[in-house]
Structures are given as structure tokens and as C-alpha cells.
Amino acid sequence: GIRTTTTGIGSSGGRVVSCSEDRLIRMWDFETGSNVAQFAGHTDAVRFVQFDDTHLVSGSRDMTVRVWDMANQSLLRTLSQHNSRVTCLQYDSKQIVSGSEDRTIKIWDFETGQLTGNMIGHVWGIGCLRMENNIVVSGSRDKNIKVWDIRSGKCESTLGGHSNSIRCLKFDEKRIVSGSWDNSIRMWDFRVNTVCKVFVGHTNRVMCLQFDDQKIVSGSVDCTIKVWDVDTGACVNSMTEHIYPVVSLFYTEDRLVSGARDKSVKIYEF
């Protein structure tokens, strides 16, 4: 099982992947819960992971982004131009985008590992980011969200409203949803860059979230996972199985998977 704190999780094709402070990345069978593979090579805690059928990309406190072969867990490339720990990343078939405590967002060519862009504007470290098409949305310890054009590398807009670090966010064509160490979740209208709803109920820092048209699911240092109604803003469910902070989660149509500092990955019928 997980020997130390689980810092990130992801899922694809019946597999769950977790990353941890023990420097290892583990692959799990979704149905049986058994550990089926490990990726070793990072020299400090692994903070973020994303994968598909052929590749896995990880970011670590060792200041590197690493690209792995899913078939044999071998290391393909190490991207090492950040000057502090890597806190978040996302990739597609063309590029990898990574954020760091060094206050930069870097863009890398997926095939070659070449650094192709460097987006600078946050005044404190990057806590989270998401990429979709040519848009990157980032959140920072400077309490702001920035929207970037990945082609020009320029910041298109800045959203302020949280009173503490922004730790997690997701967005679609209409909305940005952000979670903060101010214990709140905010929903922003992407088109006019204003807050349209605030979700209050967590009693400690919000660490992770996912949303769709009906609901937001969030995890917190208060050790709970909460489900929120998007329309009313009400909390409609609170899960209390974890005994330590919930730091990562995702859900599918019928499953919710969460990772926490109680050294566990939990799978719920959803």
C-alpha cells in the first residue's frame, strides 16, 4: 500500500495512479485495488501525475518534470529547468505545461522535451494550473488566478477575490472553479471575469476539486469530501471516512477516488 502521504491521483482505462512523498509513483488496478506497477526515479516527493495509455508525466519537489513509458515504467525524459519544486502540470499530445514555486509556468515540447515557452506574472509560487486548447488558467499563492494565451505567452486577465493561496482549479468554456486556503470555493464567469458564486462550508483549506454542470466535489484539510449543488450553492453531501487531510480526488460516472495524508487511496461508489 501507500507507505507515505498520497499527494496526487489520476485514472484511465481501469487503472489508478498515485504519487507520494516517498518519491514513488504507483499504478493500481481499479477493480481489485492491487498495486500492479511502480515508477522510481524522482529524488524527492512527487506532487503531481497525469497519464494515458502510453505515457505518464510527473512533477516533483526535486524540481523536475519526468516523462515515463507506461508499458515498462522506464524513464524517457527529464525536464529540469525549474528552479524550485514543481507543483502542478498538464499535457496533451503536443506540449507539457508545468507550474512551480519558482513563480513560472513553463511550456515544453512533448516529443523532444525542449523548453518552448516561459510565462511569468505571478508574484508568488504557482499552486495549480489547467490547460485547454490554447488557454492556461493558473492559481497562485499570490491569491490570484491568471488566464494565459499559450501561443503568445501573455496574461489575458487576472481574477482576484480569494483571501489566501489558491490550491486547485478547473475550468470549462463558461466557468472557472477555484479552491483556496481561505476555506472557500469560488465559481467565476469566464466570459466577464467576475465571481458568480461562493461555496462556504469547509472549515480548513480546500486542496482539490472537480466539477460538472450539476455538482462540485471538493476535498479539504478538514478531512472531508463535500459535494455541492452548482445551482443552489448548498452542500448536499459530506464524506468523513478520511482521518487526515484530503489532498487529491477525481470522479467518474459511478466512482469517486480520493487520496489523503492518512496514507490511503479510497474508492467510493458514486
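Two strands count as paired if DSSP finds at least two bridges between them. In this predicted model, strand 18 and strand 19 meet that criterion, with five bridges in the antiparallel sense. Gly-179 stands opposite Ile-185 of strand 19.

Ile-166 has Ser-180 of strand 18 as its bridge partner. Strand 17 and strand 18 likewise form a hairpin, with three residues between them.

Strand 18 spans residues 175-180, and six of its six residues are buried, so the strand is largely enclosed by the rest of the structure. The burial extends to both faces. Arg-175, Val-177 and Gly-179 are buried on one side. Ile-176, Ser-178 and Ser-180 are buried on the other.

Aromatic pairing was examined next. The whole structure contains four aromatic pairs. In one of them, the ring centres of Phe-171 and Phe-190 are 5.5 Å apart and the planes lie at 85 degrees, so the geometry is edge-to-face. The two residues come from distant parts of the chain, 19 residues apart. Phe-171 belongs to strand 17 (residues 166-171). Phe-190 sits in the loop between strand 19 (184-189) and strand 20 (194-200). Phe-171 has a relative accessible area of 14% and is buried. Phe-190 is also buried, at 14% relative accessibility.

Phe-199 and Trp-228 form another pair. Their ring centres are 6.0 Å apart and their planes are at 70 degrees, so this pair too is edge-to-face. Phe-199 is in strand 20 and Trp-228 in strand 23 (residues 225-229), so the contact ties together parts 29 residues apart in sequence. Phe-199 is buried, with a relative accessible area of 0%. Trp-228 is buried at 1%.

Arginine side chains also lie over aromatic rings. Arg-205 is placed over the face of Trp-181, at 3.7 Å from the ring centre. Arg-77 lies over the face of Phe-110, where the distance to the ring centre is 5.9 Å.

The largest nonpolar core has 12 residues. Strand 5 contributes the most, with three.

Leaving aside residues up to four places away in sequence, Met-27 touches Val-17, Ala-37, Phe-39 and Met-70, among others. Its partners also include Arg-15, Val-16, Ser-34, Asn-35 and Val-36.

Ser-140 lies in strand 14 (residues 135-140). Its relative accessible area is 0%, and Ser-140 is therefore buried. The side chain of Ser-140 reaches the backbone nitrogen of Asp-142 at 2.9 Å. Not counting residues up to four places away in sequence, Ser-140 touches His-122, Trp-124, Gly-125, Ile-126 and Gly-127, as well as Ser-165 and Ile-166. Ile-166 is the residue whose bridge partner in strand 18 is Ser-180.

Key
Residues numbered from 1 in each chain as written. Predicted model: local features only at pLDDT ≥ 70, side-chain atom pairs only at ≥ 80, totals over all residues. Heavy atoms only, no water. Phe/Tyr/Trp six-rings, centres within 6.5 Å; stacked < 30°, edge-to-face > 60°. Helix = DSSP H or I, 4+ residues; strand = E, 2+ residues; numbered from the N terminus. Buried < 20%, exposed > 50% of the residue type's maximum accessible area, 1.4 Å probe, protein only. Lys NZ or Arg CZ within 6 Å of the ring centre and 35° of its normal. Core = buried A, V, L, I, M, F, W, Y, C linked by side-chain atoms within 4.5 Å. Contact = heavy atoms within 4.5 Å. Polar contact = N/O pair within 3.5 Å; in protein donor to acceptor, adjacent residues only side chain to side chain.
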